[in-house]
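Reader: Before we turn to the contacts between side chains, could you show me the sequence and the model together?

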Amino acid sequence: PVTTIEFALPTASEYRLTVLPHVNDRTFAPTTLVTLETAQAFAAFRYDLTVEEKRTDGTLTYRVLGLKTPSLSLPSSGPARFVREYEDLRGTIQFTVVGLDGNKSTCTLRIGPKKIDVVRAPAGGTVTVRTTPSAQE
C-alpha cells in the first residue's frame, strides 16, 4: 500500500497539507502530489487557494495569499485547494506553510517513490498516516 501523510497545521487548523506518492497519468513516472487546502468547505464554489511557492534545496515553503474564483464557474462545493505535482521531490524535505495571518507551521518528511515517512511533525499539530488516498483525491 501507498503511504500518505496528512497533517493539520497547529497555528489554527485552517489549512491541511497532504503529501502523496503518485504516478503521472501521461508519463507513468513516479511523482509526488502535494495538496494544500482550507479546512473550511465552501458551498457555492470550490475556490483555488492562491499560494506563493518557494523551493530551495531540501525546503518547500507555501505562503497563502488568499482565495481565487475557479477558472470554470461550475457549481461545486468543497475546500479551497492548491495542488502541485513534483517529478523530482525526493529525500528529506522540510515543508513550511505560512497562513494569511503570518503564522507558520513546519514539518519534515522523507519522500521516496512509494513511501513517505514523517521525520519531524509540526509542534502541537496532529499527524495522520493513511495508506490510501482520501475520497476527495
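Author: Buried means under 20% relative accessible area, exposed means over 50%, and partly exposed lies in between (1.4 Å probe, protein chains only). This is a predicted model, in which local features need pLDDT of at least 70 and side-chain atom pairs count only at pLDDT 80 or more, while totals for chains, interfaces and linings use all residues. Residues are numbered from 1 along each chain as its sequence is written, and side-chain values use heavy atoms, with hydrogens and water left out.

Reader: Does E37 count as buried or exposed?

Author: The relative accessibility of E37 is 4%.

Reader: Which residues are linked with R16 in a network of salt bridges?

Author: R16, which is partly exposed at 22% relative accessibility, meets the side chain of E37 in a salt bridge of 3.0 Å, N to O. This pair links distant parts of the chain, 21 residues apart, with R16 in strand β2 (residues 15-23) and E37 in strand β3 (residues 30-42), where strands (E, at least two residues) are DSSP runs numbered from the N terminus. The network of salt bridges links R16 with E37 and R81.

Reader: Which strands hold R63 and E52?

Author: The side chains of R63 and E52 meet in a salt bridge at 3.9 Å, N to O. The pair ties together parts that are eleven residues apart in sequence, because R63 lies in strand β5 (residues 59-68) and E52 in strand β4 (residues 48-56). R63 is partly exposed at 39% relative accessible area, and E52 is partly exposed at 44%. The strands asked for are β5 for R63 and β4 for E52.

Reader: What is the arrangement of the rings of F42 and Y47?

Author: A search of the whole structure finds two aromatic pairs, where rings of Phe, Tyr and Trp (its six-membered ring) pair if their centres lie within 6.5 Å, and planes under 30 degrees apart count as stacked, over 60 as edge-to-face and the rest as tilted. The rings of F42 and Y47 have centres 5.1 Å apart and planes at 80 degrees, so the pair is edge-to-face.

Notes
A salt bridge is a side-chain nitrogen of Lys or Arg within 4 Å of a carboxyl oxygen of Asp or Glu. Helices (H or I, at least four residues) and strands (E, at least two) are DSSP runs, numbered from the N terminus.
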